[in-house]
Amino acid sequence: MMYVTAPNARAFVENVLAGNGVPRKNAIIIARGLVEADLRGVDTHGINRIPSYMARIRQGVLDPRAAPTLRQVTPAVAQVDGHNGFGFLAAHMGMAKAIEIAEEVGIGLVSVKHSNHFGMSAWVVQQALDAGMVSLVFTNSSPAVPVWGGKSKLMGVSPIACGAPAGKGRPFIVDMAPSVAARGKIHKALRRGEKIPKDWALDKEGKQTDDPAKALEGVMLPIGGPKGSALAIMMARNSCQDVFAGVLSGSAFAGHVTNPYDPSKPADVGHFLVALKPDLFMSLEEFKQRMDYLYGRVIGSDRMAGTDRIYFPGEIELLMKEERLHDGIPLVQAEVEALNKESQRVGAQSISVSSCPVKSRL
Ligand SMILES: NC(=O)c1ccc[n+]([C@@H]2O[C@H](COP(=O)([O-])OP(=O)(O)OC[C@H]3O[C@@H](n4cnc5c(N)ncnc54)[C@H](O)[C@@H]3O)[C@@H](O)[C@H]2O)c1
């Protein structure tokens, strides 16, 4: 393992993006979203996505210079057109607008079309939390999950994310794909030469596999067997994700979103973002007290055998962030090499890594 500090990771990403034609102010937003994923331990959606995003720019299917545009639809509703630029920019503009509207009228709803992959949904939830807002964040994605009993890709692994601020306790942040594991975890295992658990995916013959390369030729498995499959059909195909982020937004839907690792055509991803003021029905103080009570009830619950600690949704990632802000973000040699290939292509500086956790050098 090698370690990179968050500021060095952000600087590296900003320089590679700028070298690929992304305006510096936009590169800062994208780098922040990617490094936030690494800090939270969601390494699948962090800076290691840079080579695939840059490949999309080189193939001409992602516009590095595109700036999203905004249209007010009603006092509570707005629409962002991502113009095939980075999903991070369209989602960032969309959530900023949802927050601004919610501050005025209590709830802000923004639909985003013609966007791209925006990485980890939790950074958009965090943007709302930083403004003291409750939020819902949906995005659609390319097909990767079969229906239960099927073996071909039919539904997306579109994550469902939601956040609510707290008082003294930790905020609530759920951010989950409707598959047993996000597909990015398979890409990560492949990059790191690791096997995957056999209940994550099927190979192209429809057989369980622990080989990430074979899993990528096959399909991801939905959470909870037939129940998760039914939920995924409801969520990803017919309800929240695809109807809200796809049909409603004016973006691709019904299996037509392009995989971020497929550089053959624009992805045309849609997002659906909601910000809600927490003090609509009671004072802010009372809301926060109630969230803290919920947090205490959850983490203080009787534990099942073998469980040392109960975590609130999002808490593991926040603890990881504290650790990685201190120790740095771990990367394997192959990941460092793939990142440096990107910096070399545009004459930017290599990523600055250390061979031991940062704190052990202090
Ligand atoms: N942009 C896209 O198209 C896309 C597609 C798929 C996934 N993703 C991202 O992939 C990431 C990973 O998704 P995932 O489904 O593999 O997440 P995950 O399974 O690692 O975590 C899902 C949720 O469960 C909570 N959790 C995990 N362990 C817990 C525990 N022991 N106690 C309490 N809560 C716990 C986490 O805080 C999180 O909110 C997400 O950030 C998601 O946004 C993005």
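1. Basis. The model is predicted, so that local features need pLDDT of at least 70 and side-chain atom pairs count only at pLDDT 80 or more, whereas totals for chains, interfaces and linings use all residues. Residues are numbered from 1 along each chain as its sequence is written, and side-chain values use heavy atoms, with hydrogens and water left out.

2. Salt bridges overall. With a salt bridge taken as a side-chain nitrogen of Lys or Arg within 4 Å of a carboxyl oxygen of Asp or Glu, the count comes to 14. Arginine 324 pairs in this way with aspartate 43, their closest N and O atoms being 2.8 Å apart. The pair links distant parts of the chain, since arginine 324 sits in helix α11 (residues 315-327) and aspartate 43 in the loop between α2 and α3 (50-58), 281 residues apart. Helices (H or I, at least four residues) and strands (E, at least two) are DSSP runs, numbered from the N terminus. Both arginine 324 and aspartate 43 are buried, where buried means under 20% relative accessible area, exposed over 50% and partly exposed in between (1.4 Å probe, protein chains only).

3. A bridge from α12 to α3. Glutamate 342 forms a salt bridge with arginine 58, the closest N and O atoms lying 3.1 Å apart. Here too distant parts of the chain are linked, with glutamate 342 in helix α12 (residues 333-345) and arginine 58 in helix α3, 284 residues apart. Glutamate 342 is buried, because its relative accessible area is 4%, whereas arginine 58, at 40% relative accessibility, counts as partly exposed.

4. Arginine 170 forms a salt bridge with glutamate 315, and the closest N and O atoms are 3.1 Å apart. Because arginine 170 lies in the loop between β8 and β9 and glutamate 315 in helix α11, the pair ties together parts that are 145 residues apart in sequence. Arginine 170 is partly exposed, with a relative accessible area of 22%, while glutamate 315, at 1%, counts as buried. Arg170 and Glu315 also belong to a network of salt bridges that links them with Arg309 and Glu322.

5. Helix α5. In helix α5 (residues 122-130), 8 of the 9 residues are buried, among them Trp123, Gln126, Gln127 and Leu129. The buried residues pack against several elements (contact means heavy atoms within 4.5 Å), including α2 (24-39), α4 (87-105) and the strands β5 (134-139) and β12 (269-276). Just after α5, glycine 132 takes a positive phi of about 75°.

6. Helix α6. Helix α6 (residues 183-192) is largely enclosed by the rest of the structure, because 7 of its 10 residues are buried. The buried residues include charged side chains such as Arg183, Lys188 and Arg192. Their cover includes β6 (143-145), α7 and α12.

7. Surface patch. Lys151, Lys195, Lys207 and Lys214 form a positive surface patch; patches are made of residues with over 30% relative accessible area and no salt bridge, like charges being joined within 9 Å and nonpolar side chains (Val, Leu, Ile, Met, Phe, Trp, Tyr) within 5 Å. Lysine 214 lies in helix α7 (residues 212-217) and is partly exposed, with a relative accessible area of 42%.

Methods. Areas by Shrake-Rupley, 256 points an atom, 1.4 Å probe, with all protein chains shown as cover. Charge placed at Lys NZ, Arg CZ, Asp CG, Glu CD.
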